[in-house]
Amino acid sequence: MSGGTTEYTIADDGSFTAPLELFYPYKRTVGPLLSRFLTGLREHRIEGTLGSDGRVHVPPAEFDPMTGEPLSEWAEVSSTGTIVTWSWQPSPVEGNTLQHPFAWALIALDGANTNLLHAVDAGSADAIRTGMRVQARWATEPVGSITDIECFELVPESAA
Amino acid sequence: MAERCAVIGVGQTQHTSCRADVSIAGLVREAVDRALASAHMTMADIDAIVIGKAPDMLEGVMMPELWLVDALAAAGKPVFRVHTAGSVGGSTAIVAAQHVTSGVHKRVLTVGFEKQSDGNAMWALSVPMPFGMPVHAGAGGYFSPIIRSYIKRSGAPAHIGCMVAVKDRTNACKNPYAHLHEPDWTLEKAMASPMLWDPVRMVETCPSSDGAMALVLASEDVADAHDGPKAWVHATAMRSEPTAFAGRNQVSPKASEDCAADLWRKAGITSPIDEIDAVEMYVPFAWFEPMWLESLGFAPKDHGWRFVEDGITEMTGRLPVNCSGGVLSSNPIGASGMLRFGEAAMQVMGIAGEHQVDSVRKAFGHAYGGGSQFFAMWVVGANKP
């Protein structure tokens, strides 16, 4: 990781740098809506909440972004969608679901009014462009996390 | 104060060790909805929102103000976040009051919260900085030497801390929102409680709680039109000082004494023991009750423990302290200070239920934080200031 150091160093001007390494485990109680969303992912189901203006929020918004009212109506959306925009990641880092070059993309899932940030396994930057259709590739061992979608993959043009 | 300000809405969650049924946003909203209901308002009536919580590292939440905007219905409104360690609930309420007393806003919602179950405050308070010897003992390890110093200086007998603990845990049984409901404490049983950080026993230590507290503060015209109980803000004060400096009195920090003196002066109070009818004081470790009684000017120096021993701070005593059960019975850190401020207001409003003290005209709310270095206090009253 950048920024950190494990070394005690003294610069030419006498300024001293000491390492400070923190590791601290937390947990997150996510509440009833995200609980349903995340457990749904384990079963390859993507759901969002229906806002007061009829828009579908994925992941679900707990409170309406416009009115602040609690949201409780659900809408299942497709695991297939369209690339809205993307950026190439040539050097994956630890923690990325893909360990070979891939695209970060905003994906408009069919049925959703929000864009989902996720990885697209496109092979090369030449192979991907805005407007392409993508479909979710599910992780082999789902746990109830957004990474239960391992990544999205391009839908062959002929199939789309 | 230029403009008058009153508390017209108070709402808190049930405080407990783990609210696994709600997210942080859901927890906050629960307190907010109750505060709005008691103010006879909806989110749409609110002009501005001031929120506070303990240091982000305690829960590992970066900038909760950022992702609570939906839950606080803050779209299109000003949101402010206050940081002052454990005193944050108090200073957050004060910042909210200043938005009203300055004349900028008429209806301000303020909320403090903590979901300690998502993190672990004790270890998050023990970051091993390269320039300090790592102790890894949490807040109890920090405060126990200060308590020992108080005991030595004042000559207090060893059972005083346990007396405070038994009182607060007993009071908490009258407060349905309190985290700990433990009716069976006796002094004898408390004295047998395990020693955690000598001289602090487990019973003399606050719990780790999930919870939130929200207040609605209103300008004079809004409060006058409100058909319900209200508590007028008579005075507020805040002070800070460094964690360590030569000659620092950690038992009774100068910032604490100066803050109290400033508060009493602003509130026109010359004898706090005679003029304050109910106290909600920040006591995370039982011995801090006698220590703060002295520092705040309720008791003469070295006499705070005698107040405890004589039952003066019991709910039926001359100066009831922490009738809600206090921090010793519920400690959602970021909310704890606002709970003190809000519980003081509830006493004035006459809505404290079973832990209500009779005919409270003026009440005192108090919070401290950091290494006894941030202080926030207010006086609320039944009459306009």
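Me: Which residue in β9(A) is the bridge partner of A:T80?
Reply: In this predicted model, A:T80 has A:Q135 as its bridge partner in β9(A).

Me: How do you know that β6 and β9 of chain A count as paired strands?
Reply: Pairing asks for at least two bridges between two strands, and three bridges join β6 (residues 80–89) of chain A to β9 (residues 133–138) of chain A, so the two strands count as paired, and they run antiparallel.

Me: What do the strands of chain A close into, and in which order do they stand?
Reply: Five strands of chain A close into a barrel in the order β6-β7-β8-β10-β9, with mixed pairing; from one strand to the next, the twist averages 50 degrees. Chain A comes to one helix and ten strands, and from the N terminus on its elements run β-β-α-β-β-β-β-β-β-β-β.

Me: Which record entry is listed for residues 74–138 of chain A, and what is the span made of?
Reply: UniProt, in an unreviewed entry, lists residues 74–138 of chain A as "domain: ChsH2 C-terminal OB-fold". In the model, this span is 0% helix and 54% strand, and its end C-alpha atoms lie 22 Å apart.

Me: How does the radius of gyration of chain A stand against that of a compact globule?
Reply: For 160 residues a compact globule would have a radius of gyration near 15 Å, whereas chain A has 20 Å. Taken along the principal axes, the C-alpha atoms of chain A fill a box of roughly 60 × 40 × 30 Å.

Me: Why are β3 and β9 of chain B said to stand at the edges of their sheet?
Reply: The open sheet of chain B has nine strands in the order β3-β2-β4-β7-β1-β8-β11-β10-β9, and its pairing is mixed. Because β3 (79–82) and β9 (278–280) of chain B each have a single partner strand, one side of each is left without a neighbour in the sheet. On average, and with direction ignored, neighbouring strands of this sheet are turned by 25 degrees against each other.

Me: How do you know that β2 and β4 of chain B are paired?
Reply: The requirement is at least two bridges, and β2 (residues 48–53) of chain B and β4 (residues 107–115) of chain B have six, in the parallel sense, so they qualify as a pair. Among the bridged residues is B:A48, whose partner in β4(B) is B:V108.

Me: Why is the packing of α3(B) on α13(B) called oblique?
Reply: Helix α3 (residues 88–101) and helix α13 (residues 333–349) of chain B pack at about 60 degrees, with their axes 5 Å apart. By class, their contact has six nonpolar, six polar and one charged residues.

Me: What does the angle between α13(B) and β10(B) amount to in words?
Reply: α13(B) runs at about 175 degrees to β10 (362–369) of chain B, and since angles over 145 count as roughly antiparallel, that is the description which applies to this helix and strand.

Me: How many residues of each chain are in contact with the other chain?
Reply: 18 residues of chain A are in contact with 24 residues of chain B; by class, the chain A side has eleven nonpolar, four polar and three charged residues.

Technical notes: Residues are numbered from 1 along each chain as its sequence is written. Chains are lettered from A and ligands numbered from 1 in the order in which they are written. This is a predicted model: local features need pLDDT of at least 70, side-chain atom pairs count only at pLDDT 80 or more; totals for chains, interfaces and linings use all residues. Two residues are in contact if their C-beta atoms, placed from the backbone, lie within 7 Å. Ala, Val, Leu, Ile, Met, Phe, Trp, Tyr, Cys and Pro count as nonpolar, Asp, Glu, Lys and Arg as charged, and the others, Gly among them, as polar. Axes are lines fitted to C-alpha atoms, for helices over the stretch in contact, and angles run from 0 to 180 degrees between N-to-C directions. Helices (H or I, at least four residues) and strands (E, at least two) are DSSP runs, numbered from the N terminus. UniProt positions are given in the numbering used here, feature names are shortened, and annotations may be inferred rather than shown by experiment. The radius of gyration is taken over C-alpha atoms; the globule rule is 2.2 Å times the number of residues to the power 0.38.
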